[in-house]
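Good morning, and thank you for making time for this presentation.

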Amino acid sequence: MQLTFLGATNTVTGSKYLLHVDGGRILVDCGLFQGFKQLRLRNWTPLPIRPDEIDAVILTHAHIDHSGYVPLLVREGFTGPIYCSHATRSLLEILLPDSGRLQEEEARFANARGFSKHRPALPLYTEADARTSLASLVAVDFDVAHGSGKGVTFRLTPAGHILGAASVHLSTPFGRIVFSGDVGRPNDPIMNPPGVPDEADWLVVESTYGDRRHPDVDVEGELADAVNTVAHRGGVMVVPAFAVGRAQALMLHLARLKKNQRIPSVPVYLNSPMATDATRVYHKFRREHRLSVEECAAMCGVATIVNSVEESKALNQRRGPMIIISASGMATGGRVLHHLKAFAPNPRNMILLTGFQAGGTRGAALAAGAENIKIHGEWVPVRAEVRQLQGSSAHADADELLAWMRTFSHRPDRVFVTHGEPNAADRLRHRIENELGWSCGVPDYRETVELQA
């Protein structure tokens with residue numbers, strides 16, 4: 001049995017793990033690379049295996065860095081099943097077509113403005129490609145064993161993080177391997193805590209926050225202070241937020257703050273059709289999160305939904321105070337870029353970052369204090385105040401990851417630390433070796449390892 005790391009090595013994006021088992025091939029996660037250009041270029045590089053040679057795909061969750069390569073894989077010849085949880089399938093029916101549509105829009109915009117080096121600029125895949133790929137999705141229940149051929153069975157267990165997120169437990173004739181996926185927090189305001197993992201001979205674990213502890217802060221207090229500050233000076237708060245997870249948590253906190261009169265009744269706009277549709281999925285899968293029917297309704301009702309492009313453009317002409325929540329969370333694309341162009345140059349305004357900002361993204365540049373950011377081929381001055389919520393992450397921190405690993409009934413033969421920037425991955429490796437006494441390593445891009453129990 002062999003495991004090849006086709007992504008999420010020394011970066012938090014592009015998750016893809018190819019498992020060769022007795023002639024069969026299973027791909028766990030199928031994500032897009034984001035951030036630095038040299039990473040994004042990997043999306044255009046063919047995989048070291050033909051898609052039609054892969055027997056099955058298993059997805060941990062719906063975020064694009066774990067699922068966004070699916071339309072391309074199917075277009076290039078993959079014909080097998082793509083297994084995921086029921087909530088993940090519902091979210092992918094929203095996220096994947098939106099991803100294709102966004103790539104088409106960006107290609108058209110680049111061609112119209114002439115800022116791309118490619119003539120013409122082309123999308124990686126289209127909305128039609130994404131919709132075609134949805135037919136390959138096969139939703140399965142949590143905590144039920146399912147066969148995937150060649151004597152291999154798998155089981156999904158809840159991972160927290162976002163709706164539908166799972167850890168993947170694979171049982172093979174050669175041993176058991178667990179892929180953590182993105183592990184959520186035990187006290188997330190929306191999601192239930194991660195489930196207890198199975199025994200494993202090998203573990204592939206994420207390390208997004210492997211080098212730090214989340215601060216013990218009052219997230220709603222942080223958010224209230226930011227809203228009150230920008231409202232007092234009549235400014236606009238622009239919030240780049242992941243359409244699934246962060247957008248819903250923000251709206252829940254804003255609803256609670258307004259109800260308790262901790263912030264003024266400033267208008268809130270959700271300018272992300274994808275986030276709007278994803279929020280409705282939370283009603284459908286209420287057993288997978290902590291919110292009551294009333295809290296779901298409050299979360300959905302706190303914001304005015306912006307549907308059309310015309311309505312989105314009109315927001316840029318409005319004056320504050322107001323709050324605009326828009327995808328994407330790391331400001332890599334989408335409608336939020338137009339809002340940043342409109343509002344970043346004004347010091348009355350605020351840009352509020354709410355999640356992890358991968359290296360090479362505009363979000364990371366803003367967090368680092370960049371005075372200018374490049375959007376659509378133009379440099380935009382950043383005069384607005386930039387803040388980052390410290391307690392809003394949906395990822396387990398280093399202590400929480402170690403606590404999750406301690407629930408294994410016996411130590412794995414080998415741990416592979418992935419899905420983290422270099423320092424985070426290596427720091428978590430060090431702690432796993434020293435505090436748990438487990439054999440551990442950080443794999444390289446496209447490295448293949450032999451798995452022998």
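I start with Thr-153, which is partly exposed at a relative accessible area of 33%. The term needs its cut-offs: buried is under 20% relative accessible area, exposed is over 50%, and partly exposed is in between, with a 1.4 Å probe and protein chains only. Thr-153 belongs to strand S8, residues 153–158. Helices (H or I, at least four residues) and strands (E, at least two) are DSSP runs, numbered from the N terminus. From Thr-153 to Leu-95 there are 58 residues in sequence and 28 Å in space, C-alpha to C-alpha.

Some notes on provenance. This is a predicted model, in which local features need pLDDT of at least 70 and side-chain atom pairs count only at pLDDT 80 or more, while totals for chains, interfaces and linings use all residues. Residues are numbered from 1 along each chain as its sequence is written, and side-chain values use heavy atoms, with hydrogens and water left out.

A second pair of positions is Met-330 and Ala-365, which are 35 residues apart in sequence and 9.6 Å apart in space, C-alpha to C-alpha. Met-330 sits in the loop between strand S15 (322–326) and helix H11 (336–343). Its relative accessibility is 6%, so Met-330 counts as buried.

I turn now to the salt bridges. Side chains of opposite charge can pair when their charged atoms come close. The criterion here is a side-chain nitrogen of Lys or Arg within 4 Å of a carboxyl oxygen of Asp or Glu. How many salt bridges does a search of the whole structure find? The search returns 24.

Let me take three of these pairs. Asp-98 is bridged to Arg-101, with the closest N and O atoms 3.2 Å apart. Both residues lie in helix H4 (residues 86–113), three residues apart, which is about one turn of the helix. Asp-98 counts as buried at 14% relative accessibility, whereas Arg-101 is partly exposed at 28%.

Asp-201 and Arg-176 form another salt bridge, at 3.6 Å from N to O. Asp-201 is in the loop between strand S10 (175–179) and S11, and Arg-176 is in strand S10, so the pair ties together parts that are 25 residues apart in sequence. Asp-201 is buried, at 11% relative accessibility, and Arg-176 is partly exposed, at 30%.

A cavity is defined on a 1 Å grid over the protein atoms alone, as a set of points where a 1.4 Å probe fits but cannot get out; lining residues have an atom within 4 Å of a point. Grid points are joined across faces, edges and corners, and a volume is the space filled by probe spheres set on the points. By this rule there are four cavities of 30 Å³ or more, and the largest cavity holds about 80 Å³.

Which residues lie nearest the centre of the largest cavity? They are Tyr-17, Ser-180, Gly-181, Val-204 and Thr-418, out of 14 lining residues. Strand S11 (residues 202–206) gives the largest share of that lining, three residues.

Finally, some backbone features. The peptide bond from Gly-320 to Pro-321 is cis, with omega near 0°, and Pro-321 is placed in the loop between helix H10 (309–315) and S15. Asp-29 has a positive phi of about 70° although it is not a glycine. Asp-29 occupies the loop between strand S3 (24–28) and H1, and is buried at 2% relative accessible area. His-376, also not a glycine, has a positive phi of about 50°. The loop between strand S17 (372–375) and strand S18 (378–381) contains His-376, which counts as buried at 14% relative accessibility.

Thank you for your attention.

Technical notes:
On a 1 Å grid over the protein atoms alone, a cavity is a set of points where a 1.4 Å probe fits but cannot get out, and a pocket is an open set with protein on both sides within 12 Å along at least five of seven lines; lining residues have an atom within 4 Å of a point.
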